[in-house]
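Please have the sequence and the coordinates at hand while reading.

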Amino acid sequence: MGFNCGIVGLPNVGKSTLFNALTATAAAEAANFPFCTIEPNSGRVAVPDSRLDTIAKIGKSARIVPTQLEFVDIAGLVRGASKGEGLGNQFLANIREVDAVLHLVRCFEDGNVTHVDGGVDPLRDIETIETELMLADLESLEKREVSLVKKARGGDKESKLQLDLVGRALALLREGQPARLVEVADDEKKAFDMLQLLTAKPVLYVCNVDEDSAAEGNEFSAIVARRASEEGAASVVISAAIEEEISQLGNAEEKSEFLESLGLHETGLTRVIRAGYELLHLITFFTVGPKEARAWTVFGGALAPQAAGVIHSDFERGFIKAETIAYDDFVACNGEQGAKEAGKMRQEGKTYRVKDGDIMLFRFNV
């Protein structure tokens, strides 16, 4: 289980260039004109995690299998998208299918790359996208509200719950605020998710800067960072041009040398993944053996049987227990046997909440 991020933004902000670089494919045509991406392209990339290499070495695993992240490159949006302008209807349909929104914002000046609105203004660009998403949500909720009122008057409890959520979301949207700011209790979350609101999705702002600003950012990215902080979102700085160059290098040593020459310690992909994990509250657990060492992703707070189910549904259905070793203990004890002898292997049951870095072996019976 990984997670799915839709790359959205205005035309010509670098979405397809970033997508190509991150997935190291030419699946999305990068061109200097709007709407070069007609169908959403998706690509999976391995999630870098040095812990996996360490446990594979200790476990003498023949194969290493990282967990994966899926990126979806979605067609550029323009003003009027909520009314079908440009490729608006397609954009809105595609964005409903992703877990999180990776909002790429142009934070670089380049006279050779046309801006759809004539000049670089990250806040204006953000508000263009956000406004269209909010208008789409408003229209959707106002239509839904009519039928929910009728059902609620008839005594339908589920409709009453949804009607209350719709009212709270509409109040925010009408004030120009996204639906993700609605305060939702744990027992309301399922009903809220069923509303499928575009502005309820978690957002990561990705500032696409020029190569010289890749390490520290620039005045444009600083503006975006302040905006993200104000609305409780996250932001990262990345240079799509640099990522494209890195993707074309042959090996890890060349990539490391190239990054060092630019004053960078890691790729933009790594920063995006880390921010994305935090955004969606994801954690990683591992399985290790002679055949393979593998990383798996679950949502934070997942119980042991749910983690087992990520590997195979039978593991969850017939779950008995999970033999669990914390990553630090696995390394300190030089593997499973050493951890057993040191009393660091735990027998965990159905109520155990998986922790990031756990090495797990599931016992099950079906």
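**Helix packing, cavity and pocket**

Helix α1 (residues 15–23) packs against α8 with the two axes 8 Å apart and an angle of about 30 degrees between them. The model is a predicted one, in which local features need pLDDT of at least 70 and side-chain atom pairs count only at pLDDT 80 or more, whereas totals for chains, interfaces and linings use all residues. Residues are numbered from 1 along each chain as its sequence is written, and side-chain values use heavy atoms, with hydrogens and water left out.

**α1 with α8**

- The helices α1 and α8 are therefore roughly parallel to each other, a term that covers angles under 35 degrees, while those over 145 count as roughly antiparallel, 65 to 115 as roughly perpendicular and the rest as oblique.
- Helix α1 passes α8 in a left-handed crossing (the near helix is turned anticlockwise from the far one by less than a right angle, and clockwise would be right-handed).
- From α1, the residues T17, L18 and A21 meet A240, E243, E244 and S247 of α8, where contact means heavy atoms within 4.5 Å.
- The residues of this contact of α1 with α8 divide into three nonpolar, two polar and two charged (Ala, Val, Leu, Ile, Met, Phe, Trp, Tyr, Cys and Pro count as nonpolar, Asp, Glu, Lys and Arg as charged, and the others, Gly among them, as polar).

**α8 with α9**

- Helix α8 (residues 240–247) also packs with helix α9 (residues 252–261), their axes coming within 10 Å and crossing at roughly 150 degrees, and that makes α8 roughly antiparallel to α9.
- The crossing in which α8 passes α9 is right-handed.
- On the α8 side the contact is made by I242, E245 and I246, and on the α9 side by K255, F258 and L259; the residues of this contact divide into four nonpolar, no polar and two charged.

**α4 with α7**

- Helix α7 (residues 219–230) and α4 pack with their axes 9 Å apart, at an angle of about 45 degrees, and α4 and α7 are therefore oblique to each other.
- In α4, the residues P122, L123, I126, E127 and E130 meet F220, I223, V224 and R227 in α7, and the residues of the contact divide into six nonpolar, no polar and three charged.

**Largest cavity**

- The count comes to one cavity of 30 Å³ or more, a cavity being a set of points on a 1 Å grid over the protein atoms alone where a 1.4 Å probe fits but cannot get out, with lining residues having an atom within 4 Å of a point.
- The largest cavity has a volume of about 70 Å³ and is lined by V101, H103, I126, I129, E130, L133, R180, L198, T199, V203 and Y205.
- The elements β5 (100–106), α4 (122–153) and β6 (203–208) give two or more residues to this lining, and α4 gives the most, with four residues.
- The lining residues of the largest cavity divide into seven nonpolar, two polar and two charged.

**Largest pocket**

- About 950 Å³ of space lies in the largest pocket, where a pocket is an open set with protein on both sides within 12 Å along at least five of seven lines.
- Its lining consists of 27 residues, of which K189, D193, A200, K201 and P202 lie nearest the centre of the pocket.
- Both α6 (189–193) and α10 (268–280) supply at least two residues of the lining, and the largest share, three residues, comes from α6.
- The lining residues of the largest pocket divide into 15 nonpolar, three polar and nine charged.

Technical notes:
Grid points are joined across faces, edges and corners, and a volume is the space filled by probe spheres set on the points. Axes are lines fitted to C-alpha atoms, for helices over the stretch in contact, and angles run from 0 to 180 degrees between N-to-C directions.
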